[in-house]
Each structure stands twice: as C-alpha cells, then as structure tokens.
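Here is a short briefing to read alongside the model. Take a look at the structure first, then follow the points below.

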Amino acid sequence: MISGCTILYEVTSPDQDNTTENVIIVGSGPAGYTAALYTSRANLKPLVIEGFLWGGLLQQTTDVENYPGFPDGIMGPDLMQRFRDQAERFGTRFITDQASKVELSSEVGGEHKVWVGDDEYRTRTLILAMGAEHKKLAIPGEESLAGRGVSYCATCDAAFFKGKPAMIIGGGDSAMEEAIFLSKFASKVIVVHRRDEFRASKIMLERARGIENIEWMTPYTVDEFLAGDHGGLQHARLRNAETGEQRDVEIAGAFIAIGHEPQSQLVADQVETDDEGYVITQGRSTRTNKPGVFAAGDLVDHTYRQAVTAAGSGTQSALDAEWYLRDTPGVPTPEGFPVGDLAEAQWAPPSSS
C-alpha cells in the first residue's frame with residue numbers, strides 16, 4: 001500500500017476548439033490503462049479520466065505474484081505505474097480527477113458527454129472502467145492492517161500464509177471458494193459467519209465442509225483486528241451474535257469475502273445494469289446497450305476479478321471501440337487511424353504527430 005507519498009499530474013483541459021475526442025476512458029486500473037494502451041497504439045489519442053485514486057484495487061495491494069511476466073513478483077502500485085507509463089508513452093492523456101457526470105447518446109454515431117467538475121468533454125466512444133470495490137467490515141484494525149494480514153483476495157495472497165492459521169469472513173459461494181483455495185496453504189482455515197445458515201450453494205458448502213483443515217465458527221461476527229508486536233495481524237476479536245460473548249482468535253491472515261460493489265453509480269441510470277449494479281454487456285463483447293459505449297474490467301465481472309482478466313477485458317473494449325469508429329456509418333474515421341485488420345493494426349508505428 002502506498003504511504004507517505006503524493007503524486008500529482010497535470011490536468012488536461014478541454015481543447016479550445018471543443019474538439020470531439022475519439023475515445024474517453026473513465027477509470028483506471030488494469031482495464032482502463034490497457035484500453036488506453038491499445039487505443040493509443042491505434043493513434044486514437046485517448047483521454048483517460050483516471051480519478052484521484054488512480055490504479056484501482058492494485059494500489060491497495062503489496063506483493064503481486066500472479067501477474068504474468070514478473071517471476072519475482074512486483075508491488076501493486078509499481079505494476080500500476082508501469083501500466084500507466086506504457087499507455088502514456090504512446091500518447092495517452094490523463095486527467096487525475098473524478099468524472100462527475102455523463103450524458104450518453106442513444107443515437108448510433110451520437111456524441112457522448114463527460115463532465116469533470118464544470119469542464120465538459122465530448123467523445124465518439126466511451127469506455128467505462130470504474131471497477132469495483134471490496135465490501136468492507138468497517139471495524140477497527142481493518143484499514144490499518146490491510147496488506148499486513150488483512151486481505152480481500154485469497155487467490156492473490158494465500159501463499160503468504162503458508163503453514164499459518166488464517167480466517168475467512170463470509171458465508172456465500174465466494175467465501176467458500178476462498179476457504180477452499182486458502183486451505184491448500186494455511187495450517188487451518190477458520191470460516192466465520194454471522195449466522196448458522198450459509199448463503200453458499202449446497203455443493204460449494206459440501207466441498208468446503210469436506211476439507212479437514214477448514215473449521216467453522218457460527219454465529220460470530222468480527223469486532224476488531226489486532227496487531228502483534230511484529231506490526232502484522234495477530235488476533236481477531238469475535239463476538240457471538242446470540243450471546244454477545246467475546247473471544248480472541250489467533251491468526252496470521254484474515255480474508256474478507258462479503259462481496260463487491262461495482263462503481264457504476266455514474267452511469268447506473270443510463271446503461272443497463274443487473275440487480276447488483278454490474279454493467280451488462282452484450283454476448284462476449286464489451287458493448288453496452290448504448291451505441292459507442294463499452295464497459296470492461298471489474299465493472300462487469302462477477303466471477304474472476306483478477307488483474308490479468310481485467311487487462312484482457314480492457315483489450316476487448318479497445319478493439320470494440322476501434323471497430324465502432326472504423327465500421328459505423330455516420331462516424332468519421334479518425335485521422336491517422338490504421339486500416340485493415342485491427343489485430344494487425346496494433347503493431348502499426350505510432351503516429352509522429
């Protein structure tokens with residue numbers, strides 16, 4: 001996790017002649033920055049409204065050991081800086097601020113509007129990559145021990161707790177998946193849930209119950225995470241939901257698996273979303289129900305939620321946007337846009353302008 005460091009970037013202002021952008025990307029992280037890389041390589045000069053907390057959830061992660069190409073691992077903020085630098089190298093422009101409002105056109109070839117405060121930007125295509133946030137317990141010690149024992153992704157961090165006791169907090173399928181994965185590394189896994197009944201499917205619950213080193217504590221809630229002398233997590237303070245009795249449980253790792261909140265508030269009333277707020281895309285594409293509007297990354301992903309899958313989704317959104325600009329009647333083909341097969345066009349020399 002980044003601490004004691006403030007990074008400021010120059011904010012891009014709207015062009016004086018109110019030029020319509022080819023591509024605006026709202027959000028950052030692996031999806032947004034990969035979309036920026038691909039569209040900048042296609043000479044589309046994308047504008048990324050990356051937010052103040054640019055880089056997505058990996059900015060809150062310490063060691064990343066499961067991203068391809070880094071056999072020795074890499075710190076999450078370092079990885080996101082590399083993503084950003086690579087996109088910038090090919091001409092991506094950035095606004096390190098929040099998008100405050102959007103107005104999406106329903107017309108094929110129509111222009112979409114994005115506001116950052118009082119500044120209005122217009123674009124032919126819009127890529128939504130605002131991501132999702134982990135739901136938090138909001139208890140003492142959760143924030144201060146994040147990255148020092150408290151985590152939200154066993155798939156990412158389980159290996160750091162090999163041979164040590166760990167805990168899963170949650171009762172759904174995601175919690176069971178996390179517990180099953182974590183059981184391969186931890187000496188024991190304690191599943192804590194506030195009720196005796198679980199929301200998880202029968203098959204997932206049976207799989208977890210069949211693993212010897214998974215233990216169960218119900219009905220309990222977690223009141224606090226406590227650090228040890230080494231500065232990392234050492235105990236979780238639990239409370240019995242029925243009797244109020246408190247007890248401290250010694251653990252080295254705690255994984256909070258109570259769900260995610262997609263950050264779709266900006267567009268929730270203009271594009272189709274599901275009951276949980278995830279943006280709905282068409283088939284295997286990144287197209288939304290609005291022409292020229294695409295969505296990628298954890299904003300659409302219920303299932304995988306990994307940096308590498310988000311990056312792949314960002315690639316898809318870039319190619320979908322490029323095809324829209326190339327093939328849609330009424331949309332002028334951008335100057336300098338590569339012709340021919342777009343998969344090959346990614347390797348075209350960058351524009352010298």
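**Briefing: a sheet and its helices**

Strand β11 (residues 165-169) runs parallel to strand β17 (residues 253-256), and 4 bridges join the two. Strands here are DSSP runs (E, at least two residues), as are helices (H or I, at least four residues), and both are numbered from the N terminus. This is a predicted model, in which local features need pLDDT of at least 70 and side-chain atom pairs count only at pLDDT 80 or more, while totals for chains, interfaces and linings use all residues. Residues are numbered from 1 along each chain as its sequence is written, and side-chain values use heavy atoms, with hydrogens and water left out.

**The sheet**

- The open sheet has 5 strands in the order β10-β17-β11-β12-β13, with parallel pairing; two strands pair if DSSP finds at least two bridges between them.
- β10 (150-151) and β13 (214-217) each have a single partner strand and stand at the edges, so one side of each lacks a neighbour in the sheet.
- Ala166 has Gly253 of β17 as its bridge partner.
- Helix α4 packs on this sheet, where it touches β11, β12 (188-192), β13 and β17, and its direction makes about 170° with that of β11.

**Helices α4 and α5**

- The axes of α4 (residues 173-182) and α5 (residues 202-209) come within 9 Å and cross at roughly 25°; axes are lines fitted to C-alpha atoms, for helices over the stretch in contact, with angles from 0 to 180 degrees between N-to-C directions.
- The two helices, α4 and α5, are therefore roughly parallel (an angle under 35 degrees).
- On the α4 side the contact (heavy atoms within 4.5 Å) is made by Asp173, Met176, Glu177 and Ile180, and on the α5 side by Met204, Leu205, Arg207 and Ala208.
- These contact residues of α4 and α5 comprise 5 nonpolar, no polar and 3 charged; Ala, Val, Leu, Ile, Met, Phe, Trp, Tyr, Cys and Pro count as nonpolar, Asp, Glu, Lys and Arg as charged, and the others, Gly among them, as polar.

**Helices α1 and α2**

- The axes of α1 (residues 29-41) and α2 come within 8 Å, crossing at roughly 20°.
- That makes α1 and α2 roughly parallel as well.

**Salt bridges**

- The structure holds 7 salt bridges, each a side-chain nitrogen of Lys or Arg within 4 Å of a carboxyl oxygen of Asp or Glu.
- Glu50 pairs with Arg84 in a salt bridge whose closest N and O atoms are 2.8 Å apart.
- Glu50 is in the loop between β2 (47-49) and β3 (63-64) and Arg84 is in α2 (residues 76-89), so the pair ties together parts 34 residues apart in sequence.

How values were computed
Parallel < 35°, antiparallel > 145°, perpendicular 65-115°, else oblique.
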